[in-house]
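Visitor: I am new to this structure. Please pick a single part, look at it closely, and then show how the rest relates to it.

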Amino acid sequence: GLSLLSHPGVKLLSDNLIFHDEERVYSCPEPVRLDAASVAGMTEAGLEPERTKLPYTAHPKPTYRVGPGRRAAAGPPGAVFFLRFAPKSGVTPVDAQRAASMLVAGNDLAREIKDYRPSSALLSILAAERGHPEPATRARLERLLKSIPCAIFRIGEGEKIAQTAARLAECAGESG
């Protein structure tokens, strides 16, 4: 997904976490972990990721950030893609109800991953303080997703990052 930044005018709202108010998605500029192959592929696509100051000993993969000029503050979503590795490339549309269920399931899984537990707990506390019982309810996500295309986007074996970015850009362009 980050390799889409090599296309003119594309800005990142979020790589992993989303915050929304049922109309707009807000920026979440978290550091992203990239392996050497991903960095090389992004460089080939004309994008040089910015290395964070997090020491290499903190995580097996170094972390990077997207500079402020390439991040968007907020905006309505244009499409939601669930990236999957598969034997063959392809795109399968999903409806808003299924997409919302998939996002909630992904959120539940992220809560189980050691690195995200503290962040998830903090976000739940902040949401509760603001009167929101649960940050990612299925019904709220469905309202956000009902007017945009959602799809499972399969990345075929051996597909280069530039090919994936071009296919994502094409799919996103078709959705507006």
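Guide: From one end of the sequence to the other, the protein chain follows the pattern β-β-β-α-β-β-β-β-β-α-α-α-β-α. That gives five helices and nine strands; helices (H or I, at least four residues) and strands (E, at least two) are DSSP runs, numbered from the N terminus. This is a predicted model, in which local features need pLDDT of at least 70 and side-chain atom pairs count only at pLDDT 80 or more, while totals for chains, interfaces and linings use all residues. Residues are numbered from 1 along each chain as its sequence is written, and side-chain values use heavy atoms, with hydrogens and water left out.

The part to look at is the sheet that contains β9. It is an open sheet of three strands in the order β7-β9-β8, with mixed pairing; two strands count as paired if DSSP finds at least two bridges between them. At the edges are β7 (80–86) and β8 (90–94), each of which pairs on one side only. On average, neighbouring strands of this sheet are turned by 25° against each other, direction ignored. That angle is taken between N-to-C directions on a scale from 0 to 180 degrees, with axes that are lines fitted to C-alpha atoms.

As background, strands of a sheet pair through backbone hydrogen bonds, either parallel or antiparallel. On one side, β9 (residues 150–156) pairs with β7 in the parallel sense over seven bridges, and Ile152 in β9 is the bridge partner of Phe82. Towards β8, five bridges join the strands, and here β8 and β9 run antiparallel. Val91 stands opposite Phe153 in β9.

How covered is β9? Six of its seven residues are buried, where buried means under 20% relative accessible area, exposed over 50%, and partly exposed in between (1.4 Å probe, protein chains only). Across the protein chain, buried residues make up 32% of the 176 residues.

In soluble globular proteins, nonpolar side chains tend to be buried together.

Two residues show how these elements meet. Val80, leaving aside its neighbours within four places in sequence, is in contact with Leu145, Ile148, Pro149, Cys150 and Ala151; contact means heavy atoms within 4.5 Å. The other residue is Met102, which lies in helix α2. Met102 counts as buried because its relative accessible area is 19%. With neighbours within four places again left aside, Met102 is in contact with Phe82, Arg84 and Ile152. Met102 and Phe82 are 20 residues apart along the chain, and their C-alpha atoms are separated by 8.6 Å. In the whole protein chain, among contacts between residues at least 6 apart in sequence, 72% join residues at least 24 apart.

Elsewhere, three strands form another open sheet, in the order β3-β5-β4, with antiparallel pairing. Its edge strands are β3 (32–33) and β4 (50–51), each pairing on one side only. Strand β5 (residues 63–65) is joined to β4 by two bridges, and Glu50 stands opposite Arg65 in β5.

Helix α1 (residues 36–44) has Val39, Gly41 and Met42 buried. These three lie on the same side of α1, because they cover an arc of only 165° around the axis; the arc is that of the directions from the helix axis to the C-beta atoms. Ala36, Ala37 and Glu44, on the other side of α1, are exposed.
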